[in-house]
Amino acid sequence: MSANTTRSVTEGSPSTPTTLPPDVSIVIPARNEGAYLRGALSSIAALDTGYEYEVIVVDGASTDGTRAIAREYDATVLEEGGSSIAAARNLGASRADGEWLAFIDADTRVRADYLTEMLGLVEREGLAAASSRCRMTGPLRAKLMEATINQLFPRLASPVLPGFNCVVHRRAFDEVDGFPDVPNEDTAFSRRLGRQYPTAYHPDVLVASSGRRIADDGLTGTLWHYLRLDAGRLRSSRS
């Protein structure tokens, strides 16, 4: 399904087509993600939904086939320069036409009913944003991160909405000025958003994301990486 679906409009001129804006804009930041991006875009192409959507890939100065792969799937490709993942997500949002913004990462695959389930949840519960439970692929030790996301994050007063799996209403996104350009930008974004708007988790596993950092750095290295980022986020919030 494409966001550029043409529909006939006004009575009296049934042959006059118009291009309506999509319901959802899916934003994917990517830098040298040729090994993963095709999987993400294939899963999006297989979405089974009545919602209209567009796909925006924000390229961070890739030197591999990232841009070519994005164009294979008719995604809009934006050039960001690779300054930060927050800048990439915010650029994608600034060029998006959807009422809802869905942020996923290039190494994340969505289930066919992802949009239907996520939009159904936020509309039914009157939420400004939501994430869902996830499955982490890769080594067994990635299951600790999976458990943290699935069991701890939803129980926080302001749930952490991981940047690889987050749906947010455009008005709320704009109100909090998008993702702050700080370490652990998705945690900072989630807390800022949660202070003003209701957010929650879909109880089902709707995405699978790569545990490649744990495979590369080990569990201890990965935990240390995120602890350092969160320390940087806290320092930024005090400045």
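Predicted model: local features only at pLDDT ≥ 70, side-chain atom pairs only at ≥ 80, totals over all residues.
## Overall composition

The chain holds 8 helices and 10 strands. Of its 239 residues, 50% are buried. The accessible surface of the chain amounts to about 11,400 Å², and carbon and sulfur atoms contribute 49% of that area.

Two pairings of β6 can be described. With strand β3 (residues 24–30) the pairing is parallel and has 4 bridges; here Val24 has Trp100 as its bridge partner in β6. With strand β9 (residues 165–169) the pairing is antiparallel and has 5 bridges. The bridge partner of Ile104 in β9 is Asn165.

Strands β4 and β5 (residues 76–79) run parallel and are joined by 4 bridges. Within this pairing, Ile56 has Thr76 as its bridge partner in β5. The chain passes from β4 through α2 to β5, making a right-handed β-α-β crossover.

Gly65 sits in the loop between β4 (53–59) and α2 (66–72). Its relative accessibility is 32%, which lies between the 20% and 50% cut-offs, so Gly65 counts as partly exposed. Ala35 is 30 residues from Gly65 in sequence, and their C-alpha atoms are 8.7 Å apart in space.

Asp113 belongs to the loop between β7 (108–110) and α4. With a relative accessibility of 22%, Asp113 counts as partly exposed, because a residue must be under 20% to be called buried. Leaving aside neighbours within four places in sequence, Asp113 is in contact with Asp48 and Leu206. Asp113 and Asp48 are 65 residues apart in sequence, with a C-alpha to C-alpha distance of 5.7 Å.

Helix α4 has 12 residues (114–125). At 1.5 Å a residue it should span 16 Å, and its end C-alpha atoms are 16 Å apart, which agrees. The buried residues of α4 are Tyr114, Leu115, Met118, Leu119, Gly120, Leu121 and Val122. Just after the helix, Gly126 takes a positive phi of about 65°.

## Helix α5

Helix α5 spans residues 142–152, and its buried residues include Ala142, Glu146, Ile149 and Asn150. Viewed down the axis of α5, the buried residues fall within an arc of 90°, so they line one face of the helix. An α-helix has 3.6 residues a turn, so residues three or four places apart point the same way.

Terms used. Residues numbered from 1 in each chain as written. Heavy atoms only, no water. Expected span 1.5 Å × (residues − 1). Buried < 20%, exposed > 50% of the residue type's maximum accessible area, 1.4 Å probe, protein only. Arc of directions from axis to C-beta. Areas by Shrake-Rupley, 256 points an atom, 1.4 Å probe, with all protein chains shown as cover. Pairing = 2+ DSSP bridges. Right-handed = clockwise from strand over helix to strand, strands pointing away. Contact = heavy atoms within 4.5 Å.
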